[in-house]
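This report goes through the aromatic contacts, salt bridges, cavities and overall fold of one model. The sequence and structure are shown first.

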Amino acid sequence: MVEHTVPWLRVTAAYSWRLILVGIVVYGVFTVLGRFQLIAVSLFLALIITSVLRPVADLLDRVLPRPLSVALALIGSILLMLGLLALVGNAVAGESDRLAGEFRGGVHRVETWLQRPPFRLSPGTLSDLQGQLTDYISSHRAGLLSTAVSGLGRIVELITGGALALFASVFFIHSGEHMWCWAREQLLPRGARRAWDRAGHAAWRTFSGYTRGIIIVAATNAVLVGIALFALRVPLALPLTLLEFFAAFVPLVGSPVALGVATVVALAGRGPFTAAAVVVLIVLIGQLEGHVLHPLVMSWAVRLHPLVVAVSVIAGSIVAGVIGAVVAVPFVSVVWAVLGALRAPPEEDPRPDGEPDPPARPPPEHPSDPSRAHPKPTAKAATRSGP
């Protein structure tokens, strides 16, 4: 009996200490990232920008110099984002007076509706709640002011992180493959370079595929929500559409939350029937996203079970709030892709054992380099790999 149980205990012990070691490593990684959260978030944002704009820069690189292609891709995307924000701001400013009247009438309609069965609230309940809110703000004015001042520090951190992300994305888009080759040659032993190079390329394919796929899903959701909100004449339809686009980057959770905000706006501005229609829209969009868009768009980049996605989002939100919820799914996807690439059998290599790896492609020469006085014509690569 002992002879049969000892191997089982030995295997269990072996897996147990490995799991403990993995848990310690994960805890250490998250602790370090928590200490340097601004840098980690900035680099993650830079990778997102790179995955989106790298194909654009490569396309422009066919007819323009590489630095000019990178500059046009970045500047064009910044102008596009500023244009969208300006459009939303003009829409809100232009409808502010009409929206104020609609919301006052909407609150009165909601109060009248709540006084009927089945709620039967006493008259003036909402007015009492509004008075209590005003009294709370008056009595806690100092605390709210200190919170607002601390919020200014967050705004400064946000601007700093955005500048760092933009700065890093310039180098990632321009010469990300050179950075990866340098890190591979300098930090990895010779015997592990090929396996980790395969894992690195698999990680980048997964990350870039997830980013482009989630953008497609978010844009599709936003278009459908925008058409429905404009058809229902819900106030602030354009800002709510933009909110739906950004909220869809949090899988399974973000879209219902954004549509919940749209439901409250519809309830105050258009009444309970329009709000009920928006609730139906929440159900339809959720079914479309979960059963059609994600399986069709994301299956070629991320092969994760919906339960894994849900657990990842919840765990990420517990560890790092909203940022963790956004980062969790691509992080798990990349880790899964790396493990799959490392477990895969090595590819056939025609070079004999002991022959050194081919040198990395040298970075672009500076225009002032004397060797470029009489450059030789070279064929420009049509495509480039990611960082």
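## Aromatic pairs

Rings of Phe, Tyr and Trp, the last taken by its six-membered ring, count as a pair if their centres lie within 6.5 Å. On that basis Phe-44, Trp-204 and Phe-207 form one aromatic cluster. The model is a predicted one. The number of aromatic pairs comes to 5. In the pair of Phe-44 and Phe-207, the ring centres are 5.8 Å apart and the planes stand at 80 degrees; planes over 60 degrees apart count as edge-to-face, so this pair is edge-to-face. It links distant parts of the chain: Phe-44 belongs to helix H2 (residues 37-60) and Phe-207 to helix H7 (residues 193-231), 163 residues apart.

Are Phe-44 and Phe-207 buried or exposed? Phe-44 has a relative accessible area of 18%, and because buried means under 20%, Phe-44 is buried. Phe-207 is also buried, with a relative accessible area of 7%. Another edge-to-face pair is formed by Phe-245 and Phe-249, with 5.6 Å from centre to centre and 85 degrees between the planes.

## Salt bridges

Side chains of opposite charge can pair when their charged atoms come close. The structure has 7 salt bridges. One of them joins Asp-58 to Arg-54, with 3.4 Å between the closest N and O atoms. Asp-58 and Arg-54 are 4 residues apart in helix H2, so about one helical turn separates them. Asp-58 is buried at a relative accessible area of 11%, and Arg-54 is buried at 3%.

Arg-66 and Asp-61 form another salt bridge, in which the closest N and O atoms are 3.6 Å apart. Both Arg-66 and Asp-61 are buried. A further salt bridge runs between Asp-197 and Arg-184, whose closest N and O atoms are 3.0 Å apart. Because Asp-197 lies in helix H7 and Arg-184 in helix H6 (residues 141-187), this pair ties together parts that are 13 residues apart in sequence. Asp-197 is buried, with a relative accessible area of 17%, and Arg-184 is buried, with 13%. Through shared partners, salt bridges join Arg-54, Asp-58, Asp-61, Arg-66 and Glu-177 into one network.

## Cavities

Rolling a probe the size of a water molecule over the atoms shows where empty space is left. Over the whole structure, the search finds 3 cavities of 30 Å³ or more. The largest cavity holds about 80 Å³ of space.

Which residues line the largest cavity? The lining consists of Phe-44, Ile-48, Phe-207, Tyr-210, Thr-211, Ile-214, Phe-249, Val-326 and Pro-330. Elements H2, H7 and H11 each give two or more residues to this lining. The most comes from H7, with 4 residues. By type, the lining of the largest cavity divides into 8 nonpolar residues, 1 polar and no charged. Phe-44 and Phe-207, which line the cavity, are also members of the aromatic cluster with Trp-204.

## Partly exposed residues in helices

Leu-339 is placed in helix H11 (residues 306-343). With a relative accessible area of 40%, Leu-339 is partly exposed. The C-alpha atoms of Leu-339 and Ala-199 are separated by 7.6 Å, although the two residues are 140 residues apart along the chain.

Phe-246 lies in helix H8 (residues 237-247). From Phe-246 to Ala-219 the C-alpha distance is 9.0 Å, and the two are 27 residues apart in sequence.

## Overall fold

How many helices and strands does the protein chain have? The chain has 11 helices and 0 strands. Read from the N terminus on, the elements run α-α-α-α-α-α-α-α-α-α-α. The protein chain has 387 residues, of which 29% count as buried.

Contacts in the protein chain can also be sorted by separation along the sequence. Among contacts with a separation of 6 or more, 70% are accounted for by residues 24 or more positions apart. The pair of Phe-44 and Phe-207, from helices H2 and H7, links such distant parts, at 163 residues apart.

Terms used
Residues numbered from 1 in each chain as written. Heavy atoms only, no water. Buried < 20%, exposed > 50% of the residue type's maximum accessible area, 1.4 Å probe, protein only. Phe/Tyr/Trp six-rings, centres within 6.5 Å; stacked < 30°, edge-to-face > 60°. Salt bridge = Lys/Arg side-chain N within 4 Å of Asp/Glu carboxyl O. 1 Å grid on protein atoms, 1.4 Å probe; cavity = no way out; pocket = protein on both sides within 12 Å on 5 of 7 lines; lining within 4 Å. Points joined across faces, edges and corners; volume = space filled by probe spheres on them. Nonpolar A, V, L, I, M, F, W, Y, C, P; charged D, E, K, R; others polar. Contact = heavy atoms within 4.5 Å.
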